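Welcome! Here is a short tour for anyone meeting this structure for the first time. Take a look at the picture, then read on.

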Amino acid sequence: MYHNLKFTKKDLLMLPNSQSNEIKTYSGLLVCKSGKHSSGYATMLIVGLNDYTLKNAKIVSKNICDSIQWYNDDNLHFASDMHFQSGIIHFFSSNGCFEVTKTSCSMVDIYLLKKSQNNDCELPF
């Protein structure tokens, strides 16, 4: 998986932003602290991954959300690990992929979607 990647928060901040109206699924997500929200909680940098490098990765949320609401359907599962040096949390799933939707000023919704036979993600519509 992504366990041998060596990157820093600075590397993630240099990635391109996804378009606000773009609906895209990702095989993995990276999450780290990006700042401080007016609520007193930390804001999060969320990056979507689709391969073993940062080459096709995109920032899906930066300095906006201080909370994530997770949606999961069927018998899907996901796990997480944290890169030791950077403190970046990595979310991944063997039978699903992630869709990130910005819902409010301080929250994002993340849906775990089922992978199809050819390893693509099935959108719910």
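## Strands β3 and β4

In this predicted model, strand β3, covering residues 42-49, is joined to β4 by three bridges, and the two run antiparallel. Within this pairing, Val47 stands opposite Ile59 of β4.

## The open sheet

Five strands make up an open sheet, ordered β4-β3-β2-β7-β6, with antiparallel pairing. At the edges stand β4 (58-61) and β6 (79-82); each has a single partner strand, so one side of each is left without a neighbour in the sheet. From one strand to the next, the twist averages 30°.

## Two nonpolar cores

Which residues have the most contacts inside the largest nonpolar core? They are Leu29, Ile46, Phe98, Val100, Val108 and Ile110, in a core of 14 residues. At least two residues of this core come from each of β2 (28-36), β3, β8 (96-102) and β9. Strand β9 gives the largest share, three residues. Another core, of twelve residues, lies apart from this one and includes Phe7, Leu12, Leu45 and Ile88.

Ile110 is worth a visit of its own. Beyond its neighbours within four places in sequence, Ile110 is in contact with Leu29, Ile68, Gln69, Trp70, Tyr71, Phe98, Glu99 and Val100.

## A stop at Leu113

Strand β9 spans residues 107-114, and Leu113 lies in it. Is Leu113 buried or exposed? Its relative accessibility is 8%, so Leu113 counts as buried, the limit being under 20%. Leu113 and His77 are 36 residues apart along the chain, and their C-alpha atoms are separated by 9.8 Å.

How values were computed: Residues are numbered from 1 along each chain as its sequence is written. This is a predicted model: local features need pLDDT of at least 70, side-chain atom pairs count only at pLDDT 80 or more; totals for chains, interfaces and linings use all residues. Side-chain values use heavy atoms; hydrogens and water are left out. Helices (H or I, at least four residues) and strands (E, at least two) are DSSP runs, numbered from the N terminus. Buried means under 20% relative accessible area, exposed over 50%, partly exposed in between (1.4 Å probe, protein chains only). Two strands pair if DSSP finds at least two bridges between them. Axes are lines fitted to C-alpha atoms, for helices over the stretch in contact, and angles run from 0 to 180 degrees between N-to-C directions. A nonpolar core is a set of buried Ala, Val, Leu, Ile, Met, Phe, Trp, Tyr and Cys residues joined through side-chain atoms within 4.5 Å. Contact means heavy atoms within 4.5 Å.
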